[in-house]
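Here's a quick briefing to read alongside the model. Have a look at the chains first, then come back for the details.

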Amino acid sequence: MQKTALHTLCIALEGELDHHNAPALRRKLDAALDRSRSGLILDFSRVTLMDSSGIGLLIGRYKRAKDRGGKLYVQNVSPHIDKLFRMSGLYSIIEKL
Amino acid sequence: MQTTDNYMELTFPAHSQNEAFARVCAAAFAARLDCTIDELTDIKTAISEAVTNAIVHAYPARSGKVLLRGSINGNTVRFEIQDFGCGIENIEQAMQPFFSTGNSAERSGMGFTVMQSFMDTVAVHSQPGQGTVVRLEKTILSQNTECLIHA
């Protein structure tokens with residue numbers, strides 16, 4: 001974890017973001033959101049696969065960040081995951097850095 | 001009728017840890033068509049969606065099994081993901097983007113939309129009380145080209 005120039009906590013995700021892995025990740029991200037008032041930057045460099053469970057997880061984290069006055073950002077999204085973001089309209093609520 | 005070059009069948013309990021197992025098996029089965037990495041990721045993602053649907057929705061009150069079948073004809077790979085659970089009352093509604101039964105937290109309702117984006121055809125057959133079969137098909141067009149480029 002590191003602080004960026006935006007003073008927003010950046011978390012690097014790793015592995016496959018599916019239904020099985022979502023609950024553990026949700027708990028960790030919610031704990032981080034509770035500590036970071038400005039929101040979170042999620043780095044997708046090392047995410048090898050994401051499906052619609054990941055979309056649901058990100059929508060939930062966006063809502064939680066928004067409730068706390070923060071925002072959700074993503075960076076280093078692969079073309080495959082970028083397609084998921086575009087088809088689901090996630091970029092209208094989550095900013096790509 | 002086309003002859004089937006190869007086929008596979010896999011049965012596993014509807015447990016979430018089998019989502020990764022199923023998609024890796026499906027990708028390994030399809031890999032003999034010399035798919036690109038992107039095409040394999042498309043297949044893994046679509047299989048993940050169909051298997052997750054079976055695991056999340058098919059067996060609300062009991063444990064059950066999921067059957068994954070694969071076949072290859074020429075350059076086309078087909079998969080069937082079958083469960084023997086509660087079935088889908090309204091398939092048209094279930095396939096609408098953002099539709100979710102809402103029986104569990106944070107479902108995006110994008111599963112079928114993702115399958116349709118990453119595969120050439122998606123067909124769903126369901127019988128309430130009997131179960132659901134999702135048929136996915138993808139023709140691999142890019143045989144060997146990526147290998148040649150990177151050779």
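How much area is buried between chain A and chain B, and what share of it do carbon and sulfur atoms give? About 1800 Å² is buried, with carbon and sulfur atoms giving 55%. Buried area here is the accessible area (1.4 Å probe) that two parts lose on being put together, summed over both.

Keep in mind that this is a predicted model, where local features need pLDDT of at least 70 and side-chain atom pairs count only at pLDDT 80 or more, while totals for chains, interfaces and linings use all residues. Residues are numbered from 1 along each chain as its sequence is written, chains are lettered from A and ligands numbered from 1 in the order in which they are written, and side-chain values use heavy atoms, with hydrogens and water left out.

**The interface**

- Chain A puts 20 residues into the contact and chain B puts in 25 (contact means heavy atoms within 4.5 Å).
- His19(A), His80(A) and Met87(A) supply 30% of the area that chain A buries against chain B, more than any other three residues.
- Between the two chains there are 12 residue pairs in polar contact, both residues at pLDDT 80 or more. A polar contact is a pair of N or O atoms within 3.5 Å; within protein, one must be able to donate a hydrogen and the other to accept it, and residues adjacent in sequence count only if both atoms are side-chain atoms.
- On the chain A side, strand 3 (39–50), helix 2 (52–67) and helix 3 (79–88) each supply at least two residues. Helices (H or I, at least four residues) and strands (E, at least two) are DSSP runs, numbered from the N terminus.
- Helix 2 of chain A gives the most to that side, with 7 residues.

**Salt bridges**

- The structure holds 15 salt bridges over all chains, and 2 of them link chain A and chain B. The criterion is a side-chain nitrogen of Lys or Arg within 4 Å of a carboxyl oxygen of Asp or Glu.
- Asp18(A) forms a salt bridge with Arg23(B), their closest N and O atoms being 2.9 Å apart.
- That pair runs from the loop between strand 2 (9–17) and helix 1 (22–35) of chain A to helix 1 (residues 18–30) of chain B.

**The sheet in chain B**

- Chain B has an open sheet of 5 strands in the order 1-2-3-5-4, with antiparallel pairing (strands pair if DSSP finds at least two bridges between them).
- The edge strands are strand 1 (6–13) and strand 4 (121–127) of chain B, each pairing on one side only.
- Strand 2 (residues 65–73) and strand 3 (residues 76–83) of chain B pair over 8 bridges, with Val66(B) opposite Asp83(B).
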